[in-house]
Amino acid sequence: MVKSERKKIVVIGGGTGMPVLLRGLKQHSIDLSAIVTVADDGGSSGRLRSEMEMPAPGDIRNVIAALSDVEPMLMELFQHRFTKGNGLTGHSMGNLLLAAMTSVTGDFYTGIKEISRVLNVKGNIYPIANQNMFLHAEYEDGTIIVGESNIPKANKRIKRVFLKPNPVLPLPESVAAIHDADLVVIAPGSLYTSTLPNLIVPQIGEALRHTQAKVVYVCNVMTQAGETNQYTAADHVQAITDHIGTDCIQAIVMHNKSIARDVQMVYAEENAEPVQYDTDKLRGMGLEIIEEDIVKEYNHSLRHDTDKVANVLCSLI
C-alpha cells in the first residue's frame with residue numbers, strides 16, 4: 001500500500017480568525033485538522049452551555065461552516081440566527097443542531113462528527129475538550145475574573161489565563177494530530193480568550209513542544225481593547241511562551257503593508273491600533289519571520305485574506 005503523500009496541517013484557535021484560514025486551506029490538497037476552543041460563554045453559545053451542560057458550540061459551528069461543502073442555502077440555514085421567538089431569539093440554528101446532536105448521541109465530539117458527515121466537512125474538527133470548561137484570567141493587580149466574555153471588560157493588563165476544572169483533558173485525537181502534523185498553525189484571534197484557551201491545556205502545550213512539525217503563529221494585525229492594548233508582535237509571542245514554555249513556536253507570519261489612516265481611525269474608536277512588528281526582538285526570540293501582504297479591507301474593517309494566507313502556509317511545507 002502506497003503511503004499518502006498529502007501533508008498534514010493542524011490549525012489551532014477560535015473566534016473569527018480561524019475560519020478565515022480554514023476556508024483557504026481546504027482548497028489545497030492537504031490533510032486538514034482544526035482544534036477549536038470551547039471556552040465561549042456569551043450569547044447563544046453560553047446559554048446552551050449552561051442550560052445543556054455541554055461545551056460551547058459557537059466556535060465549532062463557525063469552523064464547520066468554513067470547512068463544509070454543501071449548497072449555499074443549507075449553509076445559510078445552518079448559520080441562521082433567530083431574531084424573534086420566546087426562548088429562540090439570539091440562538092443560531094447551527095448551535096441548536098450541535099446541542100441536539102450532543103443530546104442524541106450522548107457525546108459532544110460524536111455529535112460534531114455526525115454533523116460534519118451530514119454537511120460534507122473537508123477535514124477533521126476536534127473540540128479542545130469534550131467537557132464543559134471555564135476560562136479564568138488573573139490580572140497584574142492580582143484580581144481574578146471568570147468567563148471568556150467578561151475578561152476583556154475589566155480593561156486591565158492580563159497576567160495569565162487558566163482553566164477549570166483542572167486538569168482539562170483534551171481529546172486524544174487532538175494530541176495525536178499535533179504529533180503527526182507537518183505544520184501546526186496557531187490562528188490569529190483574541191489572544192487570551194480564543195487562542196490561549198487551547199494552548200494552556202497541558203497535553204496540548206506539551207505536544208507543541210515535542211512535535212516534529214514546524215509551529216507557526218499567524219500574528220494579529222490589530223490590538224484588542226481589554227486584551228492586548230499596546231501589544232507588539234513580540235508581546236503576543238511572549239504571552240504564549242509565558243503560558244506554555246519557550247521553543248514551541250518556530251515562525252511568525254505578519255502583514256507587511258501599512259494600514260490605511262481612515263481604517264485606523266475606525267479601529268481607534270474601539271481602542272485598537274495596528275500591532276507593531278518589532279522584528280529585531282522576534283529574531284532575538286529565535287523566530288523565522290515571514291512577512292507578506294495578507295490582509296484585505298472590508299467596509300473599514302480588516303480580515304486576513306483567506307487565499308493569500310493559505311498559500312503562504314502551504315509554501316512552508
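Me: Where do Arg283 and Asp280 sit relative to each other?
Reply: Both residues lie in helix H12 (residues 279–284), 3 residues apart, which is about one turn of the helix; helices here are DSSP runs of H or I with at least four residues, strands are runs of E with at least two, and both are numbered from the N terminus. This is a predicted model, in which local features need pLDDT of at least 70 and side-chain atom pairs count only at pLDDT 80 or more, while totals for chains, interfaces and linings use all residues. Residues are numbered from 1 along each chain as its sequence is written, and side-chain values use heavy atoms, with hydrogens and water left out.

Me: What do the side chains of Arg283 and Asp280 form?
Reply: They meet in a salt bridge at 3.7 Å, N to O, where the term requires a side-chain nitrogen of Lys or Arg within 4 Å of a carboxyl oxygen of Asp or Glu.

Me: Is Asp280 buried or exposed?
Reply: Asp280 is exposed, with a relative accessible area of 63%, and Arg283 counts as partly exposed at 49%. Buried means under 20% relative accessible area, exposed means over 50%, and partly exposed is in between, with a 1.4 Å probe and protein chains only.

Me: How many salt bridges does the count come to?
Reply: By this rule the count comes to 9 salt bridges. One of the pairs is Arg6 with Asp31, at 3.1 Å, N to O. Because Arg6 lies in the segment before strand S1 (8–13) and Asp31 lies in strand S2 (residues 31–36), this pair ties together parts that are 25 residues apart in sequence. Arg6 counts as partly exposed at 39% relative accessibility, and Asp31 counts as partly exposed at 28%.

Me: And what about Glu138 and Lys159?
Reply: Their side chains meet in a salt bridge at 3.9 Å, N to O. The pair links distant parts of the chain, with Glu138 in strand S4 and Lys159 in strand S6, 21 residues apart. Glu138 counts as buried, at 14% relative accessibility, and a network of salt bridges links Glu138, Lys159 and Arg160.

Me: Switching topic, which peptide bonds are cis?
Reply: A cis peptide bond joins Lys164 and Pro165, with omega about 0°, and another cis peptide bond joins Asn166 and Pro167, with omega about 5°. Pro165 is in the loop between strand S6 (158–164) and helix H7 (172–180), and Pro167 lies in the loop between S6 and H7.

Me: OK, where is Asp247, and what is its phi?
Reply: Asp247 is found in the loop between helix H10 (233–244) and strand S9 (251–255), and has a positive phi of about 65° although it is not a glycine. At 64% relative accessibility, Asp247 counts as exposed.

Me: And Asn299?
Reply: Asn299 has a positive phi near 45°, and is a residue other than glycine. Asn299 is found in the loop between strand S11 (295–298) and strand S12 (301–304), and is exposed, with a relative accessible area of 77%.

Me: Last one, is Met54 buried or exposed?
Reply: Met54 counts as buried, at 2% relative accessibility, and is found in the loop between helix H2 (43–52) and helix H3 (58–67).
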